[in-house]
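Start with the structure below.

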Amino acid sequence: MCGIVGYIGNRQACPVLVKGLHRLEYRGYDSAGVALINEKGELNVYKTRGKVQDLENYMESKDVSGTIGIAHTRWATHGEPNNVNAHPHCSNSENLAMIHNGIIENYAVLREMLSRKGYTFKSSTDTEVLVQFIDYIRTTNKLSLPQAVQQALSQVVGAYAIAVIEKNNPNQIVAARKGSPLVIGVGEDEYFLASDATPIVEYTQKVVYVGEEEVVVINRGEELTVRTIANVEKTPEVKTIELSLSELEKGGYPHFMLKEIFEQPRTLANSMKGRVSLDKKHVVLSGFTNNKEKFLGARRIIILACGTSWHAGLIGKYMLEEFARIPVEVEYASEFRYRKPVIYPDDVVVAISQSGETADTLAAVELAKSNGAFIFGICNVVGASIPRNTDSGCYTHVGPEIGVASTKAFTAQVTVLTLLALCIAKEKKTIEEEAYLEIISELAEIPRKMEMILKNNDEIATLSRVFTYAQNFIYLGRGYNYPVALEGALKLKEISYIHAEGYPAAEMKHGPIALITSEMPVVVIATHAGMYEKVISNIQEIKARKGRVISIVTKGDKTVKKMSDFCIEIPETVECLVPLLASVPLQLLAYHIAVQKCCDVDQPRNLAKSVTVE
């Protein structure tokens with residue numbers, strides 16, 4: 001949610017900043033802007049509603065010179081998306097310019113105080129209030145900019161990642177974070193700032209992850225200095241990231257989402273690499289092995305997640321309960337953090353987040369930690385906040401996911417949860433050896449079987465044209481396929497803006513069946529593994545009311561195929577792994593319907609990739 005980019009060094013800043021903004025477009029935004037200090041010591045701020053390309057067009061005839069600058073893509077929270085509310089924001093003195101991700105919760109109180117002091121405001125944003133507050137503290141107390149930032153942030157309530165530049169000091173950027181990600185790239189006599197590493201990897205592989213409540217002072221030609229808001233000096237830890245530029249390009253695909261759907265055979269193989277033995281007889285997860293007693297002594301497992309990760313958690317619940325025989329609760333992190341949940345010291349909490357920066361999940365993790373629970377993280381982004389704030393965990397290793405609608409991250413999360421369930425079950429001896437070996441063997445075959453499904457891409461694209469008229473969809477599944485129905489419906493909602501709902505198939509008769517007409521497409525996951533005969537009965541109920549059925553069936557199925565208006569086949573596998581295969585055609589169906597409707601597939605309206613605020 002929102003994107004920060006900054007640069008200070010010897011090259012011209014504007015091209016670096018604009019390219020960085022393009023790299024961060026996947027996060028979701030509605031306006032963009034830059035602030036630059038040129039050689040004359042002039043602070044130039046350019047911003048506009050719309051896309052980064054609109055900003056580039058606006059700046060064509062402007063002075064964009066300077067070797068220091070900050071840039072931002074904004075997703076509106078306080079104030080509607082327009083040119084005035086876009087970042088960067090300046091102080092009344094026009095000496096300071098600032099960009100900000102997050103929400104300042106006590107901005108109204110600060111704004112009222114500053115208004116009494118004679119400050120005026122151009123925008124409706126909390127960000128402008130913060131930069132004015134920093135300016136007020138700086139001038140009133142005659143402090144340096146880093147000192148003023150420390151003092152201001154000590155009085156701020158909320159979440160933030162900020163970068164501030166000062167017209168009178170064109171050799172310094174001050175940055176800070178709390179609850180919103182910020183990373184600094186360390187180059188040769190130059191520094192880069194960004195919300196994540198994607199704008200940085202083109203220039204350097206060396207990064208410093210800014211910690212909670214840390215203020216970083218970046219001076220041209222000098223080493224980084226880091227202090228906490230409470231003025232405790234910290235030593236910056238430089239890490240090397242493994243991220244290639246090619247992973248951030250579309251690679252010939254029209255959209256990142258389609259590229260990432262097609263990457264799944266490879267990314268799932270990466271998720272299993274080193275974890276499934278070559279002889280397909282053993283599963284090893286170091287995060288489990290090193291904390292075996294925590295899992296074996298767990299009273300229960302609580303899975304915390306949001307959105308797509310929550311759906312993966314549901315599938316994980318079914319596997320952990322079936323194979324490991326441990327009670328599992330799957331909680332929306334946003335709800336968990338605001339009630340008074342019962343958490344025991346012998347609980348294991350599994351936090352799932354693609355980005356590792358999901359604000360609600362992070363807050364829920366902190367709540368669980370404060371109650372003594374053991375926290376296990378499942379995350380895709382190395383060095384993100386969740387891996388740094390959990391006791392142990394497991395990376396999914398799928399590479400950057402740029403499309404806002406999650407695809408490869410979802411299937412990788414399910415894969416990691418499968419491995420975790422197998423590890424616990426094997427150690428507890430709650431799974432038969434034959435079943436254990438069969439699941440491992442089938443799991444190793446999933447990438448190849450996914451490739452078989454992807455060969456039907458053109459067929460699914462043709463099918464999608466039939467349903468661009470639809471205003472509503474229903475998705476049905478039973479057992480392991482119920483969460484897949486939820487995920488399929490979410491994908492369609494996210495990128496095509498068609499209202500869709502997922503239900504357990506047996507719940508049709510408890511209300512949703514009233515919606516069935518000849519205009520209602522119903523997607524039914526009806527594979528042989530699971531409650532096949534029960535699902536057939538549900539399809540008969542739909543057809544009796546003239547509903548249009550799109551079925552996902554096991555290859556070679558004839559019964560459901562005859563009952564369906566449209567049918568997509570997937571290879572056979574064991575029941576617990578069907579979600580990994582069934583989700584792929586649903587991803588493709590949603591993608592192609594969205595393309596037919598001319599929707600912005602990679603950057604759907606109102607959505608952000610990394611939800612770092614509530």
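## The second largest cavity

The second largest cavity holds about 80 Å³ of space. A cavity here is a set of points, on a 1 Å grid over the protein atoms alone, where a 1.4 Å probe fits but cannot get out. Volume is the space filled by probe spheres set on the points, which are joined across faces, edges and corners. Four cavities of 30 Å³ or more are counted.

Its lining (residues with an atom within 4 Å of a point) includes Arg478, Tyr480, Asn481, Thr527 and Glu575. β23 (521-526) and α18 (532-544) each give at least two lining residues. By class, the lining has seven nonpolar, three polar and two charged residues. Nonpolar covers Ala, Val, Leu, Ile, Met, Phe, Trp, Tyr, Cys and Pro; charged covers Asp, Glu, Lys and Arg; the others, Gly among them, are polar.

## Basis of the model

The model is predicted: local features need pLDDT of at least 70, side-chain atom pairs need 80 or more, and totals for chains, interfaces and linings use all residues. Numbering runs from 1 along each chain as its sequence is written, and side-chain values use heavy atoms, without hydrogens or water.

## Helices α3 and α4

Helices are DSSP runs (H or I, at least four residues) and strands are E runs of at least two, numbered from the N terminus. The axes of α3 (107-116) and α4 (126-141), lines fitted to C-alpha atoms over the stretch in contact, come within 9 Å and cross at roughly 50°.

Contact means heavy atoms within 4.5 Å. In α3, Tyr107, Leu110, Arg111, Met113 and Leu114 meet Asp126, Val129, Gln132, Phe133 and Tyr136 of α4. These contact residues divide into seven nonpolar, one polar and two charged.

Technical notes: Axes fitted to C-alpha atoms, helices over the stretch in contact; angles between N-to-C directions. 1 Å grid on protein atoms, 1.4 Å probe; cavity = no way out; pocket = protein on both sides within 12 Å on 5 of 7 lines; lining within 4 Å.
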